[in-house]
Structure formats: structure tokens, C-alpha cells
Amino acid sequence: MGAAIRQLPGPRSSELLRRQARWESNARTYPRRLPIAIARASGSFVQDLDGNVFIDFLTGAGVLSLGHGHPELVEVVARQLELHAHGLDFPTPAKDAFVQAQLSMLPGTMRDRMKLHFCGPAGANAVDAAIKLCKTATRRGEIVSFQGGFHGSSHMAMALTGLVEQKAPVPNGVPGVHFFPYSYCGRCPMGTGPEHCAINCATYLELALQDPNGGIPLPAALMLELVQGEGGVIPARPEFVQRIARIARQLQIPLIVDEVQTGCGRTGTWFAFEQYGIEPDVIVASKALSGIGMPVAIIIYDERLDCWGPGAHTGTFRGNQLAFAAGAEAVRIVLRDRILDNVRQRGAQIDQRLSRLLSLPWVREVRGMGLMWGVELADPRDGSPAGAVAREVQADCLRRGLIVECGGRDDCVVRLLPPLNVTEEVVDAACSILVAAITAASTDTTAVA
Ligand code: PLP
């Protein structure tokens with residue numbers, strides 16, 4: 001499993017990468033740093049056109065929660081394709097089973113008061129829908145988002161995203177979005193650090209919203225990621241989240257949790273908010289809902305917000321029956337195979353293996369929840385994000401047979417998003433590769449330049 005060091009890309013991948021560069025947009029991303037063309041994939045593995053096999057700890061950016069081509073999901077999708085594939089928003093047995101499966105995964109206290117809306121197929125579509133819903137319900141126009149967060153690439157979702165580099169070239173962004181600090185204790189936005197933490201990041205928001213001179217009219221929503229994924233795998237502090245939820249309740253501002261990446265078991269519970277002891281007003285979910293990569297996105301929201309008139313939020317691709325059939329089956333498999341237990345056990349295994357890296361000078365933090373992990377690399381001399389070193393680690397991992405992603409400030413966090421049913425053996429092999437790559441980069445003085 002993933003031992004040999006390869007020359008990449010191989011000749012057949014090179015040819016497709018060349019054709020892609022000729023015909024596709026300059027905005028293409030993943031193959032720039034992961035230069036392979038994919039031939040096939042199964043479970044936790046991907047094979048490129050040149051026959052190289054990789055452990056896939058990117059899994060379609062967290063989409064393939066039950067791995068590539070889970071046989072039972074393939075079977076239900078194939079069956080559904082013969083029966084009926086696309087149904088706008090008509091009721092169908094597949095859709096009904098999907099809705100009931102999703103509601104059954106909510107905490108008992110929420111199940112009966114939440115409603116679902118099907119959005120366009122991507123996470124960003126559901127983020128847009130959540131904002132529209134809250135603006136309509138509250139008749140307010142401002143939104144509070146948090147620094148470092150990522151919510152997608154549509155115009156609205158990008159406006160809510162912290163990534164200045166992506167926003168800067170697009171003039172005249174969506175107005176009314178206000179950024180507040182997130183509890184990123186490794187680089188405390190209030191300058192205090194974890195040892196003196198009084199959750200001043202949350203206090204700052206509370207005071208600003210209550211201050212008649214604070215500059216922000218009461219917002220329509222607070223938009224929060226509980227673990228910032230693309231932002232560098234930063235789990236929010238529980239006290240921070242609980243304070244934000246309390247502020248939202250006291251000021252009657254709907255709290256939206258963006259669980260596009262953290263949802264569907266990724267953090268060890270079906271939704272991450274369950275681990276924070278809060279009940280949000282709106283949940284945004286997408287990526288892993290079908291378990292096998294069929295696109296689907298939803299918002300699940302408190303029925304008191306259900307103020308939309310007929311047709312208030314439409315879209316042609318809201319009726320993907322293949323995704324519904326797979327999603328209902330994925331829930332059944334998650335429960336039957338105790339997948340959430342596996343997420344917690346494999347997460348503990350990763351924690352144990354990677355925490356040893358903290359003795360290396362370039363490793364600043366190892367963070368994660370469930371099967372969402374990140375190793376932040378920083379210059380030991382001044383703590384500045386070491387994106388170049390992280391990118392070298394990513395390239396080295398690929399040569400050694402492991403696909404990983406980078407994220408966070410300057411992409412200095414090497415990120416792991418394995419399938420939720422990954423085995424102990426595969427996690428072990430992947431961690432060995434990552435440890436070898438980080439150790440090599442950490443001792444390679446050329447990386448310092
Ligand atoms: N929200 C979060 C937290 C995400 O991580 C992402 C994508 O990575 C999105 C929203 C956007 O999802 P999509 O790329 O499907 O539009």
C-alpha cells in the first residue's frame with residue numbers, strides 16, 4: 001500500500017493534463033497540485049491513468065463519505081436510474097425516504113419542528129438559500145460571518161467567505177456582510193492566546209451588536225462553521241459556540257450553521273453542532289448527503305422561519321432521485337455499520353499518530369475532530385504560515401501514494417478527509433506516508449527558503 005516513490009505525472013496523465021490546460025478554464029485547481037488524471041476509484045483508493053494507486057484522503061473534498069463506489073450505493077443508484085432520475089420538486093418515494101432519513105438523524109428535540117428545502121445541487125446553493133430565507137423571515141438585510149470561514153464560490157457564498165484573495169478580483173461584492181473574529185486559538189484574533197482566553201472574540205460580537213453606535217443594524221443571520229474546513233481545520237471552541245448561540249437567541253437573530261463539510265458524520269456525530277450543545281435555527285448540508293458523490297444540497301430549518309411563498313426559491317436541479325435513493329441508503333449503512341464509531345476510533349488513531357509530529361520545528365499545530373484533520377506548518381523563527389512547505393509535503397505525499405489537500409492561511413495546513421468507513425490499516429499506511437513527508441520537509445533546509 002503506497003510505498004514506492006513515483007515520478008508524477010506519468011505519460012498518460014500528462015497528456016490529459018495538457019489537454020485540460022488547453023481547453024478548460026484557468027480557474028481549475030486540484031490538478032495543479034495533484035497532477036494526475038484519474039482512471040478509476042474504489043473504496044479509499046484512486047488509480048491514475050498510468051496505473052499508480054493512491055490512498056485518497058481528499059475523497060472529492062469530503063463528498064465520498066462511504067468511499068468511492070460503495071457497492072450497495074451503486075446498486076440503489078443503478079436501480080433508481082432505471083426507475084426515475086429527475087423529479088423537480090414533485091414528491092416521490094425516493095425523496096420521501098430521503099427526507100425521513102435526514103430528519104431521523106436530527107436530535108429528538110429538533111425532529112418535529114424542522115423543515116427541509118431542496119436547493120440547487122451545490123453547497124453554495126444551499127448557503128444562498130439559507131441567507132435568502134433568513135432575510136425574508138426577519139426582513140433584515142445584514143449578515144454576520146466569521147473570519148477564516150469558507151462558504152462557497154457563488155457570489156453570495158463568496159461574500160460570506162474570509163478568503164480575500166478569491167474576493168479581491170471581483171469588484172462590487174454583496175453588501176451587508178460583516179466579519180467578526182472566529183475562535184482560532186492557535187492565532188488568537190484578539191491577541192490574547194488560549195492561556196488568557198476569556199472568549200473575547202464572542203464578547204466583541206456581543207458588544208458590537210448591542211452598541212447603538214456599533215455600526216451594524218440587527219442582522220438577519222449569523223453564519224457559522226463549527227469546524228472551519230477550507231480555513232485550515234479549526235474546530236471552534238465550545239465556549240465560543242455556546243456564547244454565539246446565546247447571543248443569537250437573546251437578540252433573536254437566526255443562527256445558521258454551515259455543515260456542508262462537517263455534516264453527515266464527518267466529525268463523529270451526524271452534525272457537528274450536536275457536540276457543541278446548541279440547536280441552530282438553520283442547518284446547511286450538502287457534500288456527503290448521498291454518500292457516493294451524487295449532488296444534492298438542502299437547508300433544514302426551524303418551521304417558524306418558513307415564511308417563503310410558493311416558488312420563492314426554485315431551481316431545476318433540485319430533484320435528483322439518484323442522490324435521494326443513495327442518501328437514504330447511506331443513512332441506513334451508517335447506522336447498520338456503526339460508521340460514526342469508526343469515525344471516532346479512526347480519528348483517535350490519527351490524533352495519536354500525528355500528535356508526535358509536534359516535536360518537529362515546522363509543525364505548529366495538529367487539529368481535528370472525527371475524520372477531519374489538519375497539520376499546520378509554520379516557520380519556527382516567526383510563526384508565519386509555511387504554505388510552501390505544506391505544498392511540498394502535499395507533493396511528496398502524492399509521490400509516496402497519498403492524496404491530501406492543503407488549506408488555511410497561505411495553504412499552510414495539510415488536510416485529511418478520509419472516507420468515514422476507512423480501515424485502521426489504511427489510516428496507518430496514510431499516517432506513515434504523511435509523517436515521512438512532513439519529517440522530510442521539516443529537515444530539508446531548502447524548504448526554509
Ligand atoms: N460551505 C463549506 C463549509 C464548504 O466547505 C464548502 C465547500 O468546500 C461550501 C460551503 C461550498 O460547497 P460547494 O463547493 O458544493 O458549493
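Predicted model: local features only at pLDDT ≥ 70, side-chain atom pairs only at ≥ 80, totals over all residues.
The peptide bond that joins Leu8 to Pro9 is cis, and its omega is near -10°. Pro9 belongs to the segment that precedes helix H1, which covers residues 11-23. The second detail concerns Leu88, a residue other than glycine with a positive phi, near 40°. Leu88 sits in the loop that links helix H4 (71-83) to helix H5 (93-104).

Helix H4 also takes part in a helix pair, and its partner is helix H12, residues 321-336. The two axes come within 9 Å and cross at roughly 150°. Angles over 145 degrees count as roughly antiparallel, and H4 is therefore roughly antiparallel to H12. The crossing of H4 with H12 is right-handed. On the H4 side, the contact involves Glu72, Leu73, Val76, Val77, Gln80 and Leu81. On the H12 side, these residues meet Gln321, Leu322, Ala325, Ala326, Glu329, Ala330, Arg332, Ile333 and Arg336. Sorted by class, the contact between H4 and H12 holds 9 nonpolar, 2 polar and 4 charged residues.

The next pair is formed by helix H10, residues 200-210, and helix H11, residues 238-251. Their axes come within 9 Å and cross at roughly 15°. Angles under 35 degrees count as roughly parallel, so H10 and H11 are roughly parallel to each other. H10 passes H11 with a right-handed crossing. H10 contributes Cys201, Ala202, Thr203, Leu205, Glu206, Leu209 and Gln210 to the contact. Facing them in H11 are Phe240, Arg243, Ile244, Arg246, Ile247, Gln250 and Leu251. This contact of H10 with H11 comprises 8 nonpolar, 3 polar and 3 charged residues.

Arg346, Gln349, Ile350, Arg353 and Leu354 make the contact from H13. From H15 the contact is made by Glu424, Val427, Asp428, Cys431, Ser432, Leu434 and Val435. The residues in the contact of H13 with H15 fall into 6 nonpolar, 2 polar and 4 charged.

The last topic is the ligand. Around the ligand are Ala122, Gly123, Ala124, Phe150, His151, Gly152, Glu225, Glu230, Asp258, Val260, Gln261 and Lys287. Some of these residues can be followed down to single atom pairs. In Gly123, a backbone N or O atom lies 2.8 Å from an oxygen atom of the ligand. In Ala124, a polar backbone atom is 2.8 Å from an oxygen atom of the ligand. Asp258 takes part through its side chain, where an N or O atom is 2.7 Å from a nitrogen atom of the ligand. A pair of N or O atoms within 3.5 Å counts as a polar contact.

Conventions. Residues numbered from 1 in each chain as written. Heavy atoms only, no water. Axes fitted to C-alpha atoms, helices over the stretch in contact; angles between N-to-C directions. Helix = DSSP H or I, 4+ residues; strand = E, 2+ residues; numbered from the N terminus. Parallel < 35°, antiparallel > 145°, perpendicular 65-115°, else oblique. Left-handed = near helix turned anticlockwise from the far one by under 90°. Contact = heavy atoms within 4.5 Å. Nonpolar A, V, L, I, M, F, W, Y, C, P; charged D, E, K, R; others polar. Near = heavy atom within 4 Å. Polar contact = N/O pair within 3.5 Å; in protein donor to acceptor, adjacent residues only side chain to side chain.
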